[in-house]
Amino acid sequence: MHLSTFGVLRCPYCGGRLELVTSSFHEKDGDEIRTGILGCQCCIFPVIDGIPVMHLQENATTARELVEQKKPLEARRAMFGLGADPAAAENVDTLIASSDATYRTIVEAFGEHLEGGYFLYRFADPTFIVGHALVRAVAGTVLRGGGRAVDICGGSGHLTRSLMDLSTGSPVLADLYFAKVWLARRFTAPGCEPVCCDGNAPMPFARGAFRFAMCSDAFMYIWTKRQFVLDMLRVIDGHVPSAAMISHTHNQCTWTPSHGQPLTPDGYRNLFETLEPRVFGESGLFADVVRGGPLDLSRREGEEALEAEQALAIIASTDPAVFTPHALEPPPSKPSGQFHVNPLYVADGAGGDGSARFRLRFPSEDYEQEYGACRQYLPDEVVIARADLEALAAGRVPPGASDLLRRRVVVDLPLRYGV
Ligand SMILES: [Zn+2]
């Protein structure tokens with residue numbers, strides 16, 4: 001945890017500023033707190049492996065006691081949920097310490113419960129490509145003159161990564177699952193500032209700490225929706241321009257896999273008491289992205305059309321520049337991590353003439369049911385020149401290969417992702 005984070009962090013319960021309790025055990029690394037106890041007027045919270053844990057669930061209380069007993073490694077094990085399984089804990093600790101650990105090997109060591117393996121395909125799935133386009137358009141607009149971003153319930157930071165170059169100061173990634181934000185900081189979005197906190201409790205951030213607040217693919221699982229939205233507006237309050245965005249939230253009017261407890265389009269709108277949001281159906285935004293843009297946020301959809309949508313995006317902003325058509329960014333000319341053939345493709349022999357053939361193959365029927373819309377941009381078969389594959393692996397985009405990136409046949413994955 002960087003010392004500057006004290007500027008935006010507040011106790012979720014009393015709203016007070018926090019400070020390092022210097023009489024308790026703590027470890028610092030320059031301007032970073034690695035281990036310690038933070039105190040406000042009502043409470044104490046641990047910092048574990050550089051991540052403030054701003055809730056009072058049982059694992060956090062156990063971990064805080066372990067920090068006080070000068071046992072930072074055991075505290076991290078408790079937050080990873082491995083406190084009762086010494087063998088698994090030791091396995092994870094050894095892996096973390098090794099230089100060839102990857103996102104994948106660590107997720108696998110945690111056990112199947114974390115993300116069910118679909119993270120491998122996350123950067124090319126239909127939900128992600130819409131979320132990414134929305135982040136680039138909306139955050140790109142309101143942060144154009146500077147300002148900080150927060151990704152709430154951002155899991156292991158896939159969309160936080162899309163914020164990295166837009167946010168002035170590290171984007172903050174907040175999630176209840178310590179293991180996920182830990183993975184984000186190490187692999188998915190290195191340089192983000194992770195905070196472990198509960199989306200069903202008041203947010204542990206100061207009023208106006210950010211200009212852009214988002215929550216993607218998680219809001220339907222939040223029970224305290226009204227508190228959440230009013231808090232989102234509180235943490236961006238006082239800034240012009242600013243925006244709050246909820247993307248990929250399910251719709252009560254239609255059934256979807258992993259449904260959660262969604263509201264109707266009008267139900268979502270009613271949560272925003274002080275700033276009227278616009279609600280978008282995800283299918284139209286998806287079609288915009290597949291078409292190559294622009295992402296048209298000037299559209300206004302009727303209630304009946306919105307009620308037929310499986311997923312919705314809700315954007316609140318006083319900035320009229322947000323609600324316009326946004327050109328999609330061109331594919332990157334160099335990777336932020338590494339270029340890699342989309343892991344949904346399996347090698348299928350030589351394509352003749354110095355090229356390689358790949359075939360689209362879904363990891364499961366469930367995956368195909370939930371994300372099969374990717375067929376709209378991923379061809380069933382693709383032949384790529386070996387020279388182009390070599391150039392891409394070396395971080396260059398050879399002439400004519402940018403279309404492979406645009407269609408997500410080739411993806412820009414984080415380093416050491418494990419594909
Ligand atoms: Zn407090």
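**Entry 1: terms and overall picture.** Before using any element names, I noted that helices (H or I, at least four residues) and strands (E, at least two) are DSSP runs, numbered from the N terminus. I also reminded myself that this is a predicted model. With that naming, I count 14 helices and 19 strands in the protein chain. Its radius of gyration is 22 Å, close to the 22 Å from the globule rule for 419 residues, so the chain is as compact as a globular protein of that length. I then looked up the span of the C-alpha trace along its principal axes, which is about 70 × 50 × 40 Å.

**Entry 2: burial and contacts.** I find that 55% of the 419 residues count as buried. The chain exposes about 17500 Å², with carbon and sulfur atoms supplying 49% of that area. Taking contacts between residues at least 6 apart in sequence, I see that 66% join residues at least 24 apart.

**Entry 3: the cores.** Which residues touch the most other members of the largest nonpolar core? My list reads Phe-80, Ile-106, Leu-134, Phe-178, Phe-212 and Ile-315, in a core of 94 residues. Helix α5 (residues 126-142) gives this core its largest share, 10 residues. I also found a second, separate core of 48 residues, which includes Cys-197, Phe-205, Tyr-268 and Leu-271.

**Entry 4: strand β13.** Beyond four places in sequence, the contacts of Ile-315 include Leu-134, Val-138, Ala-244, Met-245, Pro-277, Phe-280, Leu-297 and Phe-323.

How do the neighbouring strands run? β10 and β13 are antiparallel and joined by 6 bridges, with Ala-243 having Ser-317 as its bridge partner. β11 (residues 278-281) also pairs with β13 in the antiparallel sense, over 4 bridges, and here Gly-281 stands opposite Leu-312.

**Entry 5: helix α2 and strand β8.** I followed Phe-80 back to helix α2 (residues 72-80), where the buried residues are Ala-75, Arg-76, Ala-78, Met-79 and Phe-80. They pack against β4, α1, α3, α4, α7 and β8.

Strand β7 (residues 172-175) runs parallel to β8, and 4 bridges join the two; Leu-173 stands opposite Pro-194.

Entry 6: Leaving out residues up to four places away in sequence, Ser-216 touches Ile-152, Cys-153, Leu-159, Ser-247 and His-248.

Entry 7: Most residues other than glycine have a negative phi, and most peptide bonds are trans, and I went looking for exceptions. Cys-153, one of the contacts of Ser-216, has a positive phi of about 55°. Cys-153 sits in the loop between β6 (149-152) and α6 (160-163) and is buried at 16% relative accessible area. Asp-217 also has a positive phi, near 60°. This aspartate lies in the loop between β9 and α8 and, at 23% relative accessibility, counts as partly exposed.

For cis peptide bonds, I noted two entries. One joins Val-240 and Pro-241, with omega about 0°; Pro-241 is in the loop between α8 (225-235) and β10 (243-250). Another joins Gly-293 and Pro-294, with omega about -5°; Pro-294 is in the loop between α10 (282-291) and β12 (295-296).

Notes:
Residues are numbered from 1 along each chain as its sequence is written. This is a predicted model: local features need pLDDT of at least 70, side-chain atom pairs count only at pLDDT 80 or more; totals for chains, interfaces and linings use all residues. Side-chain values use heavy atoms; hydrogens and water are left out. A nonpolar core is a set of buried Ala, Val, Leu, Ile, Met, Phe, Trp, Tyr and Cys residues joined through side-chain atoms within 4.5 Å. Buried means under 20% relative accessible area, exposed over 50%, partly exposed in between (1.4 Å probe, protein chains only). Contact means heavy atoms within 4.5 Å. The radius of gyration is taken over C-alpha atoms; the globule rule is 2.2 Å times the number of residues to the power 0.38. Accessible areas come from the Shrake-Rupley method with a 1.4 Å probe; for residues, only the protein chains shown count as cover. Two strands pair if DSSP finds at least two bridges between them.
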